[in-house]
Amino acid sequence: MNNRLSNIFYTNHFAFTKIFQTLPRRLIFYDKMKLLAIHLTPFTSYASAQGVNVNQVLEKRGLSRVFDKPDNFITIEDFHHILNTIKSSLKNKKLGIRAGTFCKLSSLGVVHHISLVCITMREALYYLKDFIDKTLPIMTLDIKQANDSTQIELNLENRNASVKEMLLECYLTIIAREIQLMSIQPFTIEIYLPSDNLTPYSNRYILEFPIIELKSTLKNYQEFHFDYLIPHYLNLINSIKDEKKLESRVKSTLLQMATPELPSLKEVADIFCTTPRTLQRALSDEGVTFREILNEVKKQISSLLLKHEPYLIKDISHILGYSETAAFVRAFYSWYGLTPSKYIQTEIS
C-alpha cells in the first residue's frame with residue numbers, strides 16, 4: 001500500500017476523533033452544498049481493498065489531497081462522482097453494506113471517543129445525529145420511539161437512486177455496529193431496507209432496537225488503550241506494500257475489520273464477495289493459507305502490544321481472540337521461541 005493511500009486509512013480514524021472533540025464546543029462550518037470529505041472513506045477504503053486504484057480516481061477529480069486535513073469539505077457533485085466511479089468499478093449489489101462492514105477500525109475510534117464524552121446511549125445517539133447534521137447535510141437522521149422500541153431512520157436528499165441506496169445502507173450498517181459496540185450488554189438490532197421484501201417499512205431505511213437501551217450506560221473501552229492500538233493497526237496497514245496481491249489485501253482487510261478482535265474467514269470472504277472455500281483456493285494459488293495470514297497478523301500485533309506497558313498478557317490474549325491466556329502463550333512461543341514474559345524481558349534488556 002503506498003503512502004498516499006495509507007493517509008486515507010490513517011485520516012479516517014483521526015479525522016472523526018478530532019471533529020468529535022470540537023462538536024460540543026463550537027459549531028463546525030458547513031454548507032448545504034458541501035460535505036465533509038471523510039464521509040467518502042468507508043467507500044474508498046473498501047474499494048482499495050478490492051483492488052481499485054483509489055488514488056487515480058481522486059486525482060482525476062482534482063481531489064488527491066482531499067484527505068490531508070480532517071475538516072476538508074467537498075462539493076456534492078464531487079461526492080456523487082467518486083461514489084458512482086467506485087460503484088461502477090466494483091459492480092457490487094451490496095456495496096453499501098460491505099463498505100459499512102469493512103470499516104470497523106475507524107468505528108472503534110468514534111465509539112471510544114463518544115464513550116469518553118457521553119454517559120448514556122441516548123446522549124451518544126444525539127451526539128451522532130449532530131455530527132451527521134453538520135457534516136453530511138444531504139442526509140437526515142431521525143430518532144423515534146414507538147411502543148417498546150427505538151427507531152433510527154435515515155433518508156437522503158438525492159435523485160440518484162444508486163448513490164442513495166449505497167450511502168444509506170452503509171450508514172445503517174455503521175450505526176448499528178456502533179450502537180452494539182457502545183452497549184455493555186448484547187441485544188438485537190433489526191435493520192430494515194427497501195430491498196428486503198420482508199420489511200414492514202416500505203421504501204424506508206430503518207434500524208430498530210429495544211427502547212430500554214437508550215437509558216443504558218456506554219461500554220468503557222479504556223482497557224484496550226485505543227489511542228495506542230488503533231494507530232499501530234493503521235501503521236501495520238501502511239506497511240503492506242503490494243495492493244494487487246490477494247495476500248496483502250486480505251491482511252489489510254483483517255486489520256480494517258478488527259473490533260479489536262480479528263474477523264473470521266467467513267467475514268473476510270463476504271467482503272471479497274466470495275465463499276470461504278473459493279477465497280482459500282485463491283490464496284492457495286499464491287502459496288499461502290488464510291490461517292497463515294491470520295497468524296502472521298496476530299504475531300505482529302502481539303509483538304507491538306507487549307512492548308506497550310499498559311497491556312497485560314491476558315488483555316492481548318483477549319484482543320487476539322484466544323479463549324484462554326494459555327492458548328495465546330502457546331501460540332506466542334511457536335512464533336518467537338519465547339514465552340510473552342521472557343520476550344518482554346528480552347526487549348527491555
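**Aromatic rings and their neighbours**

Modeller: In this predicted model, Lys-299 lies over the face of Tyr-336, at 5.2 Å from the ring centre.

Colleague: What makes Lys-298 a charge that sits over the ring of Tyr-322?

Modeller: The charged end of Lys-298 is 4.6 Å from the centre of that ring, and the limit for the distance is 6 Å, with a further condition of 35 degrees from the ring normal. Lys-298 is therefore listed as sitting over Tyr-322.

Colleague: How many aromatic pairs does the structure hold?

Modeller: There are 8 aromatic pairs.

Colleague: Why is the pair of Tyr-46 and Phe-102 called edge-to-face?

Modeller: Their ring centres are 5.9 Å apart, and pairing requires centres within 6.5 Å. The planes meet at 70°, and angles over 60 degrees count as edge-to-face; the pair is therefore edge-to-face.

Colleague: What makes this pair a tie between separate parts of the sequence?

Modeller: Tyr-46 belongs to helix H2 (residues 41-49) and Phe-102 to helix H5 (residues 95-102), so the pair joins parts 56 residues apart in sequence. Both Tyr-46 and Phe-102 are buried.

Colleague: Why is the pair of Phe-187 and Phe-209 described as tilted?

Modeller: The centres of these rings are 5.8 Å apart and the planes lie at 45°. Phe-187 is in the loop between helix H8 (161-182) and strand E5 (190-192), and Phe-209 is in strand E6 (residues 205-210), so the pair ties together parts 22 residues apart in sequence.

Colleague: Are Phe-187 and Phe-209 buried or exposed?

Modeller: Phe-187 and Phe-209 are both buried.

Colleague: Which residues form one aromatic cluster?

Modeller: The cluster consists of Tyr-322, Phe-328, Phe-332, Trp-335, Tyr-336 and Tyr-343.

How values were computed. Residues are numbered from 1 along each chain as its sequence is written. This is a predicted model: local features need pLDDT of at least 70, side-chain atom pairs count only at pLDDT 80 or more; totals for chains, interfaces and linings use all residues. Side-chain values use heavy atoms; hydrogens and water are left out. Rings of Phe, Tyr and Trp (its six-membered ring) pair if their centres lie within 6.5 Å; planes under 30 degrees apart count as stacked, over 60 as edge-to-face and the rest as tilted. Helices (H or I, at least four residues) and strands (E, at least two) are DSSP runs, numbered from the N terminus. Buried means under 20% relative accessible area, exposed over 50%, partly exposed in between (1.4 Å probe, protein chains only).
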